[in-house]
Amino acid sequence: MAAYTADVAWSLREGEDFAKGRYSRGHVISFDGGLIVPASASPHVVGKWAVPEAVDPEEMFVAALSNCHMLTFLHKARLAGFVVTSYRDHASGIMEEIAPGKMAVTKVTLAPKIEWDGAAPDAEQLAHLHHEAHEECFIANSVKTHVTVI
């Protein structure tokens, strides 16, 4: 078993009114390797109280699915004898109401563009590699969201 940690820190700033909801949702997330990421609620959720240039939980969720899929895909491609030289993904997620007052990221679409050195897999092999990557991706196995690779 492995354990993972992240430290999340927020504090009320001078002049903000917590009781009235007039406070910045900006905060930081620190990871064990020393990386500190500026974070916020999504501007789609809290409007002007978000920090648009910071990463929000929904973006991190989509990125985590994309990142896990990519790393698993690279491993599967290597084991299948292919050489990947570049992998880029423009992942997107959709948040929608799943019950009155209850929201969820229900769909994530991964759109990887992959470059190969030497022989590239045919369409069937590529689909199989993506299927295997999805089946083994720890993050995909941890969520209910429908994930599609196009």
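Q: In what order do the 3 strands of the open sheet with mixed pairing come?
A: The order is β5-β6-β8. Keep in mind that you're looking at a predicted model. At the edges sit β5 (92-99) and β8 (146-149), each pairing on one side only. From one strand to the next, the twist averages 25 degrees.

Q: What makes the pairing of β5 and β6 count as strand pairing, and in which sense do they run?
A: The cut-off is at least two bridges between the strands. Here 7 bridges join β5 to β6, and the two run antiparallel. With 7 bridges against a cut-off of two, they count as a pair. One spot to look for is G93, which stands opposite V108 in β6.

Q: How do you know that strand β6 (residues 102-110) and β8 pair, and is the sense parallel or antiparallel?
A: Run the bridge test again: 4 bridges connect β6 and β8, in the parallel sense. That passes the cut-off of at least two, so they are a pair.

Q: What sits in the hairpin of β5 and β6?
A: There are 2 residues between the strands. G101 takes a positive phi there, near 75 degrees.

Q: Which strands form the open sheet where the pairing is antiparallel?
A: That one is made of 3 strands in the order β1-β2-β3. Its edge strands are β1 (6-9) and β3 (36-39), and each of them pairs on one side only. Ignoring direction, neighbouring strands here are turned by 20 degrees against each other on average.

Q: How many bridges back up the pairing of β1 with strand β2 (residues 27-31), and how many join β2 to β3?
A: β1 and β2 share 4 bridges in the antiparallel sense. β2 and β3 also run antiparallel, joined by 4 bridges. Both counts pass the test of at least two, so both are pairs. For a look at the partners, A9 is bridged to V28 in β2, while S30 has I36 of β3 as its partner.

Q: Which residue in the turn of the β2 and β3 hairpin has a positive phi?
A: It's G34, with a phi of about 105 degrees. The hairpin leaves 4 residues between its strands.

Q: Which residues of β3 are on its covered face, and which on its uncovered one?
A: V37 and A39 make up the covered face, while I36 and P38 are on the uncovered one.

Q: Where in the chain do F73 and Y87 come from?
A: F73 is in helix α2 (residues 57-79) and Y87 is in strand β4 (residues 83-89), 14 residues apart, which links distant parts of the chain. Both residues are buried. Ring pairs also tie F73, F82, Y87 and W116 into a cluster.

Q: What makes R25 count as sitting over the face of Y23?
A: R25 is at 3.8 Å from the ring centre of Y23. The distance limit is 6 Å, so 3.8 Å is within it.

Q: How does the radius of gyration of the protein chain stand against that of a compact globule of 150 residues?
A: The globule would come out near 15 Å, but this chain has 19 Å. Its C-alpha trace spans about 60 × 40 × 30 Å along the principal axes. Of its 150 residues, 28% count as buried.

How values were computed. Residues are numbered from 1 along each chain as its sequence is written. This is a predicted model: local features need pLDDT of at least 70, side-chain atom pairs count only at pLDDT 80 or more; totals for chains, interfaces and linings use all residues. Side-chain values use heavy atoms; hydrogens and water are left out. Buried means under 20% relative accessible area, exposed over 50%, partly exposed in between (1.4 Å probe, protein chains only). Rings of Phe, Tyr and Trp (its six-membered ring) pair if their centres lie within 6.5 Å; planes under 30 degrees apart count as stacked, over 60 as edge-to-face and the rest as tilted. A charge sits over a ring if NZ of Lys or CZ of Arg is within 6 Å of the ring centre and within 35 degrees of the ring normal. Axes are lines fitted to C-alpha atoms, for helices over the stretch in contact, and angles run from 0 to 180 degrees between N-to-C directions. The radius of gyration is taken over C-alpha atoms; the globule rule is 2.2 Å times the number of residues to the power 0.38.
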